[in-house]
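Please look at the sequence and the 3D structure below before reading on.

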Number of protein chains: 2
Amino acid sequence: MESQDLRKAGLKVTLPRLKVLEILETSDLRHMSAEDVYKALLEMGEEIGLATVYRVLTQFEGAGLVSRLSIDGGHAVFELEDGSHHDHLFCVRCNRIEEFIDDVIEQRQRDIAAEKGFEMTDHSLYIYGICRHCQKTK
Amino acid sequence: MESQDLRKAGLKVTLPRLKVLEILETSDLRHMSAEDVYKALLEMGEEIGLATVYRVLTQFEGAGLVSRLSIDGGHAVFELEDGSHHDHLFCVRCNRIEEFIDDVIEQRQRDIAAEKGFEMTDHSLYIYGICRHCQKTK
DNA sequence: ATATAAATGAAAAAGCTTCTCATTTACACC
DNA sequence: GGTGTAAATGAGAAGCTTTTTCATTTATAT
């Protein structure tokens, strides 16, 4: 991911944008909130305003560079877009997210949208529960 | 739904609670935000504070009388719990929600949670799109 | 170099939801 | 039927995430 991607998206190549991209690419967290990104930038020594982080992430979303996930009403998290659609398992205890892909479900969703006369634009599936790790460390 | 349900839930039978229940039962809207309920109460001549509406809805949720749906990060909507799990089709144009039940998807979700070692507590599936009606009135 | 449209930072504002705390009310008990 | 007490309520303040405003800075086309 580099300057070219930003130009293609009609976005000027600026330091905040490059740094946000860098954070998203290098963080161990695959899902980051705006706050997470903001803090990571600070740790990196970049004083980029939180408002800018929100703006940049929203623009990246518009450009298809990242996806925004809205976990259960609260705050949003962002993940780098890699072209592969996937759904999420959310651990209600440790808040970690695991991903999965299931073709059966994907197909059923398309069928249901069609049956109901919906022109499907997107979908989101979350399975909430307690992950293997948290079950042990009750 | 009546006083008994409130008592069973360990909640005192108060006017605000009875009225909120009444609104949820009689409104044509199956999904109502706290604000919707609040306004409906006002129209009904009941001056019940918004904070109380939130409190009551949250308690009802805890008591299993209503479910809370969090649509895409924004505000929450509540629906009377009727025991039947269902998923949602959300029209991104008119914000209306349709419901559906699909056993194939339900089963796959259970399987996936099991495969991943998750103890599933809940799940939510939203199909976003443009409903039949909004497609016509573009 | 320079003009200009876009981007940024900081603070304010917005929108939903929860909290605080003084006052009121439901209900168990006498 | 009174009465004490814990619970519920109302009104406003506060909390959180996110967006907006606007003056200043910056990227980029010329």
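Through which surface do the copies meet? In chain A, 100% of the interface residues are interface residues in chain B as well, so the copies meet through the same surface.

This is a predicted model, in which local features need pLDDT of at least 70 and side-chain atom pairs count only at pLDDT 80 or more, while totals for chains, interfaces and linings use all residues. Residues are numbered from 1 along each chain as its sequence is written, chains are lettered from A and ligands numbered from 1 in the order in which they are written, and side-chain values use heavy atoms, with hydrogens and water left out.

**Chain A**

Chain A has 6 helices and 6 strands. Helices (H or I, at least four residues) and strands (E, at least two) are DSSP runs, numbered from the N terminus. Read from the N terminus, the order of elements in chain A is α-α-β-α-α-β-β-β-β-α-β-α. Along the principal axes, the C-alpha atoms of chain A fill a box of roughly 45 × 45 × 25 Å. Chain A has 138 residues, and 42% of them count as buried. Buried means under 20% relative accessible area, exposed over 50%, and partly exposed in between (1.4 Å probe, protein chains only). Among the contacts (heavy atoms within 4.5 Å) in chain A with a separation of 6 or more, 46% are between residues 24 or more positions apart.

**Two copies and their interface**

How many residues of chain A are in contact with chain B? There are 37 of them, and they touch 37 residues of chain B. The size of an interface is often given as the accessible area lost when the parts come together. Here the area buried between chain A and chain B is about 3,200 Å², and carbon and sulfur atoms give 60% of it. Buried area is the accessible area (1.4 Å probe) that two parts lose on being put together, summed over both. Of the area that chain A buries against chain B, Lys116(A), Phe118(A) and Tyr128(A) supply 19%, more than any other three residues.

Two residues give a view of the interface. Leu125(A) is in strand β6 (residues 119-130) of chain A. Is Leu125(A) buried or exposed? Leu125(A) is buried, because its relative accessible area is 1%.

Lys116(B) is in the loop between α5 (103-115) and β6 (119-130) of chain B. With a relative accessibility of 26%, Lys116(B) counts as partly exposed. Leaving aside neighbours within four places in sequence, Lys116(B) is in contact with Leu89(A), Glu98(A), Glu99(A), Phe100(A) and Arg132(A). A polar atom of the side chain of Lys116(B) is 3.4 Å from the backbone oxygen of Glu99(A).

**The DNA strands**

DNA strand C is surrounded by 21 residues, and the closest are Thr14(A), Thr52(A), Arg55(A), Tyr54(B) and Ala76(B). Of the atoms of DNA strand C that come within 4 Å of the protein, 68% belong to sugar and phosphate. A residue is near a strand if one of its heavy atoms lies within 4 Å of it.

DNA strand D is also surrounded by 21 residues; the closest are Tyr54(A), Ala76(A), Thr14(B), Thr52(B) and Arg55(B). For DNA strand D, sugar and phosphate make up 69% of the atoms within 4 Å of the protein.

The table gives some polar contacts, that is, pairs of N or O atoms within 3.5 Å; within protein, one must be able to donate a hydrogen and the other to accept it, and residues adjacent in sequence count only if both atoms are side-chain atoms.

| Side chain | DNA atom | Distance |
|---|---|---|
| Lys12(A) | sugar or linking oxygen of DNA strand C | 3.2 Å |
| Thr14(A) | phosphate oxygen of DNA strand C | 2.5 Å |
| Tyr54(B) | phosphate oxygen of DNA strand C | 2.4 Å |
| Lys12(B) | sugar or linking oxygen of DNA strand D | 3.2 Å |
| Thr14(B) | phosphate oxygen of DNA strand D | 2.5 Å |
| Thr52(B) | phosphate oxygen of DNA strand D | 2.6 Å |

The elements that give two or more residues to the surface near DNA strand D are α4 of chain A and, from chain B, α2 (15-26) and α4. The largest share, 5 residues, comes from α4(A).
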